[in-house]
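Dear colleague,

I am handing over a structure to you with this message, and some notes on its pockets follow below.

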Amino acid sequence: MRNAYIAGTGYYVPPKVVTNQDMMQWYDTTDEWITERSGIRERRWVEAGTGPSDLAIPAFNMALEDAGMEKDEIDFVIFATLSPEAWFPGSGCFFQEKMNLGTIGVLDIRQQCTGFVYGLSLAKLFVESGQYKNVALVAAEVQSTSIDLSNEGRTVGVLFGDGAGVVIVRAREDEPGILSTHLHADGRFAKELWVPEPSSTHYPKVTDVNNLHCYMNGREVFKHAVTRFPEVINEALDANGWNKDEVDLYIPHQANLRISQMVAKILGLPEEKFYHNIQKYGNTTAASIAIAMAEAQRDGSLKKGDKLVLAAFGAGFTWAGAAIIF
Ligand code: UT7
């Protein structure tokens, strides 16, 4: 039996720390407001000229080292980002060229906050079908460049950060790994959390620079998130006959500390079972679970053989979960 598993993890965040205090130079806001509503204390921002494919490089190298592999062994790349450096081609092609990965296939996906879990689902299929042996799943975001720094943008602007996470998905015989993934979407809510432009529906693609910023109906997102997170977690548990208490660690997409705390409460789980690093990095959308997984492994919260559940919710709306023997 050929099973896909996570052979290595890696992450990278840019060195520039932007604190809640720093936010006060652009916004009428306070450290107290941001911390109370989101749990975020600081986030990382890139310097100008850095794209997601650049952030992905050190994360990829760390994941390769963790897996004990050389980059030439990678035979496919899945790149998840909502903040690509160009309208096209996708960031995966820039990454492939920078890493000198020859002519292996690259697939860019645009699933926003659920990009990593959707990507994991694809990586599992590629590996278990035998089409590829070693898939690099890259999730990287540069969001600081699309933040509205006028006071109008304060609700969204304080939440997001830049960073990258990578996992190497490989096959092993008999021993289980990525057991199941569960993918969902509801396009009725597409415009509750979106960046409307550039858009191919009009000429030119950008009619108003304000449409390059993220619009979010925060209350609506919150309401759906606290319903869909528990739902998809239960789906992952049921699919594998797992009891919620036997799971060693839950890694939710780092959207908002309050959302995760409410989800833990709804599920009747202690907060310690939920991994958080949003305090340091903000919401790094597709990259957040990958960064959290890599950090959790290094700080001892996540060990080989652990039962791990991932869950994500975000723009689309999309939501997704995964059950993994790490
Ligand atoms: O991956 C999914 C990504 N998104 C999320 O997870 C976000 C989900 N939503 C949320 O977490 C919350 O809706 C937010 C944290 C975004 C906002 O919290 P809220 O409790 O829904 O606040 P609100 O938008 O209703 O605003 C409450 C007040 C308003 O003032 P008034 O009208 O009550 O006087 C806002 O103008 O807070 C004000 N406000 C701020 N004040 C200080 C909004 N942004 C800020 C700010 N600093 N940055």
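From which domains does the lining of the second largest pocket draw at least three residues each? They are domain 1 (3-172) and domain 2 (178-325), with bounds that come from an automatic or database domain assignment.

This is a predicted model, in which local features need pLDDT of at least 70 and side-chain atom pairs count only at pLDDT 80 or more, while totals for chains, interfaces and linings use all residues. Residues are numbered from 1 along each chain as its sequence is written, and side-chain values use heavy atoms, with hydrogens and water left out.

A pocket here is an open set of points, on a 1 Å grid over the protein atoms alone, where a 1.4 Å probe fits, with protein on both sides within 12 Å along at least five of seven lines, and its lining residues have an atom within 4 Å of a point.

The largest pocket holds about 1,400 Å³ of space. Among its 46 lining residues, L82, S146, V195, E197 and L212 are the closest to its centre. This lining, too, takes at least three residues from each of domain 1 and domain 2.

Best regards

How values were computed:
Points joined across faces, edges and corners; volume = space filled by probe spheres on them.
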